[in-house]
Each structure stands twice: as C-alpha cells, then as structure tokens.
Amino acid sequence: MNLTRADLAALPSYVPGRTVPGSIKLASNEVPYGPLPGVVEAIVEAAQGVHRYPDLGVVALREKLSARLGVAVDRIAAGCGSVAMTEHIMRATCLPGDEVVYSWRSFEAYPIIAATTGATSVRVPNTATHEHDLPAMAAAVTSRTKLVIVCNPNNPTGTPIRRAELREFLDAVGPEVVVVLDEAYREFVTDADVPDGLAEFGDRPNVVVLRTLSKAWGLAGLRAGYLVAQPEVAEAVRKVITPFSTNIAAQAAALAALDQEEEMARRAALVVAERSRVRDTLLKLGQDIPESQANFVWLPLGDGSTAFAETCEQAGVIVRPFAGDGVRVTIGTPEENDTFLNAAEKAF
Ligand code: PMP
C-alpha cells in the first residue's frame with residue numbers, strides 16, 4: 001500500500017552541509033563571526049513571550065525592511081528563510097504541470113521545491129565557465145512557463161550576472177512570466193557591474209527579489225528571509241505562507257540584526273578579502289576557479305570531487321562536494337581558510 005505520493009520516491013532529499021564536532025565547517029555558506037551584536041539579547045527578551053503566537057504578518061520586520069529598502073511595506077513578504085520564500089513564490093505562481101526554468105547547476109532546493117509543488121523543472125545547463133546561460137534560459141521559456149529563477153551570484157559556482165546581460169534577459173522574457181532574482185549572497189557582491197536587482201529591476205511588474213538574513217546577517221539558525229515584489233504578487237505569496245512560520249525569536253533577531261548594518265558590512269568585507277586570497281592561492285596551485293561574488297568558491301573537480309572532500313575532512317575541514325561535478329568551499333576566518341588551503345595543496 002502506498003500512503004504517500006508515488007512520485008516522491010524518486011525525489012532526492014536536500015543534503016545539508018555536514019557538521020562534524022571538532023572540525024571546521026566550510027560547507028553551508030555561513031559567516032564565521034557569530035551573531036551580530038544585540039541579536040542574542042533580542043532573542044532572550046523575545047523568549048519571555050513564547051507562550052504567545054508570533055505576529056502572523058511579520059509586520060515590524062516588514063516595516064523595517066520597507067524603510068531600509070525604500071519600498072512600500074505591501075510589496076514585502078517575509079518568512080522562515082528564503083528557501084521557504086522560494087517555495088511560497090512557486091506555490092503562488094505554479095499549478096501542477098506548469099514549468100519552472102532555472103540554471104543547472106544552481107541552488108539544490110530549486111528542483112526539490114519544483115517537484116513537491118508539482119511544477120515541471122526545466123534545467124538549462126550552465127556555460128562551460130560555470131555561469132548562467134541567460135540566452136538559453138530565455139529560449140527555454142514556453143507558454144507553460146510560470147516562473148524563472150535567476151540566482152545572482154549563483155550557488156554553488158559563485159559566478160555573477162552583470163547588468164547588461166540581466167537587462168537583456170528580462171527584456172527577452174517579457175512581463176508575462178515571473179522572474180525571481182535570488183540574491184541570497186547580495187551583501188558579498190563587490191563588482192559594480194553586478195546589479196542590485198531590487199534597486200535596478202525591482203519596479204518591473206514580474207520581477208521578484210529574494211533576500212535572506214541567513215548569510216551576511218548571521219541568522220541561518222533562526223530562519224528569516226523575505227521577498228520584494230509588486231503588491232499583488234507579494235499579497236498572493238503572503239496567502240500561501242504557512243501561518244505563524246516565522247517565530248518570535250526569528251522576528252526579534254532579524255530586527256536586531258538589521259540595526260547592525262555597519263558591523264554586518266565590516267564582516268562581509270573580511271569575507272570578501274579572504275575570498276580573493278583563497279581564490280588566488282587556488283589559482284596559483286593550478287586550479288580553474290571561477291570568479292566568485294559570493295562567500296564561497298567553486299572547485300570544478302568533476303569525478304574527483306568526493307575524494308577531494310574526503311581528503312579535506314581528514315584534515316579537519318568539512319566542505320561541500322557535489323558528486324561528479326565540483327566542490328563548494330565556504331570562506332571562513334583566515335585561520336580556517338589556511339587549514340583548508342593546506343589540505344587542498346596536499347590533495348592536488
Ligand atoms: N538561495 C540561495 C541561492 C541559497 O544558497 C540559499 C541557502 N543555501 C538560500 C536561498 C536559502 O537560504 P535561507 O533559507 O537560509 O534563507
């Protein structure tokens with residue numbers, strides 16, 4: 001007897017970056033510097049109210065984001081992480097059989113969410129230089145396409161999409177299909193030609209910009225993310241959010257974290273400086289490492305990926321292999337990165 005959906009048997013499970021006690025974790029694109037100042041205090045204070053439900057509409061956080069981003073509060077939907085927001089926007093746009101176009105390889109949650117939503121994934125292979133192939137993605141849009149996801153910079157390759165290419169792509173797709181710009185790593189972007197999707201394209205009726213507090217803002221463990229869209233789209237998304245899914249600690253911590261923009265930026269700059277150092281060192285070791293605008297680098301090691309990750313693990317560093325394809329290594333503290341680079345040098 002099959003009590004659950006038969007199609008789920010073939011669905012891969014989400015594989016998180018592993019945590020191994022005593023090892024350095026460079027596997028989940030977290031920032032290594034601990035919670036931002038004031039965050040723990042805000043959580044402790046919020047804990048006094050755990051016998052009450054959280055604010056269903058996440059209003060205080062949406063108001064704060066509205067002021068910070070310069071967009072009306074009704075254009076924002078907030079939820080428990082941007083992976084949840086990805087699911088919500090898919091549920092708000094796709095019926096079973098509708099198509100979702102995205103680049104591959106990209107964030108591994110996209111195919112899982114598409115499958116559980118009942119949407120059909122249309123994966124467009126990355127270019128030989130590990131980037132989105134935007135002309136091919138535009139060409140893959142059909143009358144069944146309801147959603148296109150553009151991950152900028154891309155996880156796990158770190159590669160960015162530049163302003164002119166993105167504009168051309170959005171023009172080619174037209175206004176009938178929702179385009180999600182997943183900007184989970186926006187705070188680590190230093191190339192001025194990589195556009196801020198919200199500031200530059202956020203007024204287009206079909207553009208949805210996805211952001212998270214998990215990465216640069218240091219709240220991965222609490223789950224807070226949001227999207228900005230036109231009011232009707234944001235309203236539809238708010239309807240499909242699981243009620244009360246953003247808990248009171250996450251809401252309070254997000255508010256406190258957003259008060260620490262300067263410190264967030266200082267930490268992001270440390271990560272960015274280390275990103276250059278790690279990439280330069282790997283290039284000198286003869287590796288083909290694509291340019292990264294995120295807080296990780298991509299080693300396209302193909303069939304050697306799993307073995308490389310195992311060697312790193314033996315040296316006390318957990319990285320994230322994608323079997324047969326490559327290895328993603330999160331940028332940690334300078335000492336953590338040194339440990340990784342030493343292990344890598346021995347592995348090559
Ligand atoms: N988008 C991308 C591209 C990501 O890499 C991640 C996290 N790995 C997310 C969204 C989800 O982040 P969160 O759910 O923690 O906000």
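Reader: Is the crossing of helix 2 and helix 9 left-handed or right-handed?
Author: This is a predicted model, in which local features need pLDDT of at least 70 and side-chain atom pairs count only at pLDDT 80 or more, whereas totals for chains, interfaces and linings use all residues. Residues are numbered from 1 along each chain as its sequence is written, and helices (H or I, at least four residues) and strands (E, at least two) are DSSP runs numbered from the N terminus. A crossing is left-handed if the near helix is turned anticlockwise from the far one by less than a right angle, and right-handed if clockwise. For helix 2 and helix 9 the crossing is left-handed.

Reader: How is helix 2 oriented relative to helix 9?
Author: With axes fitted to C-alpha atoms over the stretch in contact, and angles running from 0 to 180 degrees between N-to-C directions, helix 2 (residues 59-69) and helix 9 (residues 248-258) come within 9 Å and cross at roughly 20 degrees. Because angles under 35 degrees count as roughly parallel, helix 2 and helix 9 are roughly parallel.

Reader: How do the residues of the contact of helix 2 with helix 9 divide by class?
Author: Ala60, Leu61, Lys64 and Arg68 of helix 2 make the contact with Gln251, Ala254, Leu255 and Leu258 of helix 9, where contact asks for C-beta atoms, placed from the backbone, within 7 Å. If Ala, Val, Leu, Ile, Met, Phe, Trp, Tyr, Cys and Pro count as nonpolar, Asp, Glu, Lys and Arg as charged, and the others, Gly among them, as polar, the division is 5 nonpolar, 1 polar and 2 charged.

Reader: Which element gives the largest share of the side of domain 1 that touches domain 2?
Author: An automatic or database assignment sets the domain bounds, giving domain 1 (15-35 + 261-347) and domain 2 (39-258). In their contact, 22 residues of domain 1 meet 25 residues of domain 2. On the domain 1 side, helix 10 (261-284) and strand 9 (296-299) are the elements that give two or more residues. The largest share, 5 residues, comes from helix 10.

Reader: Which residues of helix 12 meet helix 10?
Author: The axes of helix 10 and helix 12 (residues 334-347) are 11 Å apart, at an angle of about 10 degrees, which makes helix 10 roughly parallel to helix 12. Glu274, Val278, Thr281 and Leu282 of helix 10 meet, in helix 12, Pro334, Asn337, Leu341 and Ala344.

Technical notes. Angles under 35 degrees count as roughly parallel, over 145 as roughly antiparallel, 65 to 115 as roughly perpendicular and the rest as oblique. Two residues are in contact if their C-beta atoms, placed from the backbone, lie within 7 Å.
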